[in-house]
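Let's take a walk through this model together, with the sequence and the 3D view side by side. Have a look first, and then we'll go piece by piece.

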Amino acid sequence: FIIPKFLIEDFQKKTNVNDEHIRNLSRKALDIISRLRENENIKIEILDIPKLTNYKDNLIQLAKQEHAQIITFDYEITKLGLIYGIKTLNLTELSISLKQAFLPGDELTVFVMKEGKDKNQGVAYLEDGTMVVVENGYSYIGKKTDVIVQSILKNSNGKIIFTKAK
C-alpha cells in the first residue's frame, strides 16, 4: 500500500474539527492505517509528495504516476478514477454488495428502536446497519417483532428495507 503523507496529515487535522462525523471518520482512518502498519504481511509505504490544490487531485496524480489502484470510501474519487482510467475500489460500494439480500415476502425478526418518519412507523436496524422501516411498528418500539419484507429501496448510502409487522 502507498499512502501519501498529505492524506495522513489531512486526517490528523480533521480529528479536531467541530463536525463529529468528519472527526470520527478521520480518527477511524488513522486507526485503520495504524493497524495496517502493525501487520507484518502488509507492506505500507508513506510517500512525502508535494500537495496540489486538493487531496483528490493529488491521489489521481499519484495513482497515474505509480500505476497504482485506489481504494477509497469517497464516491467522487471513484468517479474521477473511472474518468482517468485508474482502477478504483470503493469500499462503500463493496460493503453494500456484500450485504445480505432480502426479497419481498421474506420474514425477519427485528428490534424496533425508534419512531419512523410517518405516523405509526417504527425503525429497526440490521447488524450491518441497514435501516428497516416497520409499517404499523410504532407500538413495537423497544420490542423484538417479526416482520415481512414489503419492498427494498436502494440508494447511494445503502438500502432501506420496508416491512410490515407480522
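A word on burial before we start: a residue is buried under 20% relative accessible area, exposed over 50%, and partly exposed in between, using a 1.4 Å probe and protein chains only. What you're looking at is a predicted model, where local features need pLDDT of at least 70, side-chain atom pairs count only at pLDDT 80 or more, and totals for chains, interfaces and linings use all residues. Residues are numbered from 1 along each chain as its sequence is written, and side-chain values use heavy atoms, with hydrogens and water left out. Helices (H or I, at least four residues) and strands (E, at least two) are DSSP runs, numbered from the N terminus.

Let's begin with helix α1, residues 5-14. Its buried residues are Phe6, Leu7, Ile8 and Asp10. What do they pack against? The buried residues of α1 pack against β1 (2-4), α2 (20-38), β2 (45-47) and α3 (55-66), where a contact means heavy atoms within 4.5 Å.

Next, the largest pocket, with a volume of about 1500 Å³. Of its 37 lining residues, Phe11, Ile71, Thr72, Phe73 and Leu91 are the closest to the centre. Two or more lining residues come from each of β1, α1, α2, α3, β3 (70-72), α4 (75-83) and α5 (91-98). Helix α2 gives the most, with nine residues. By class, the lining has 24 nonpolar, eight polar and five charged residues.

The search runs on a 1 Å grid over the protein atoms alone: a pocket is an open set of points with protein on both sides within 12 Å along at least five of seven lines, whereas a cavity is a set of points where a 1.4 Å probe fits but cannot get out, and lining residues have an atom within 4 Å of a point. Grid points are joined across faces, edges and corners, and the volume is the space filled by probe spheres set on the points. For the classes, Ala, Val, Leu, Ile, Met, Phe, Trp, Tyr, Cys and Pro count as nonpolar, Asp, Glu, Lys and Arg as charged, and the others, Gly among them, as polar.

Now move along to the sheet. Strands of a sheet pair through backbone hydrogen bonds, either parallel or antiparallel. Here, two strands count as paired if DSSP finds at least two bridges between them. Six strands form an open sheet in the order β5-β9-β10-β8-β7-β6, with mixed pairing. β5 (107-112) and β6 stand at the edges with a single partner strand each, so one side of each has no neighbour in the sheet.

Further in, β8 (residues 131-135) and β10 (residues 158-165) pair in the parallel sense over five bridges. Val134 has Thr163 as its bridge partner in β10, and Val132 has Ile161. β8 also pairs with β7, in the antiparallel sense over four bridges, and Tyr125 stands opposite Met131 in β8.

Leaving aside neighbours within four places in sequence, Thr109 is in contact with Lys144, Thr145 and Asp146. Thr145 sits in strand β9 (residues 143-155) and is buried, with a relative accessible area of 9%.

Finally, the loops. Most residues other than glycine have a negative phi, and most peptide bonds are trans. Asn120, in the loop between β6 and β7, has a positive phi near 75° and is partly exposed, with a relative accessible area of 38%. Gln121 lies in that loop between β6 (114-115) and β7 (122-125) too, and counts as buried at 14% relative accessibility. A polar atom of the Gln121 side chain lies 3.3 Å from the backbone nitrogen of Lys117. Asn136, in the loop between β8 and β9, also has a positive phi, about 60°, and counts as partly exposed at 39% relative accessibility.

Technical notes
Polar contact = N/O pair within 3.5 Å; in protein donor to acceptor, adjacent residues only side chain to side chain.
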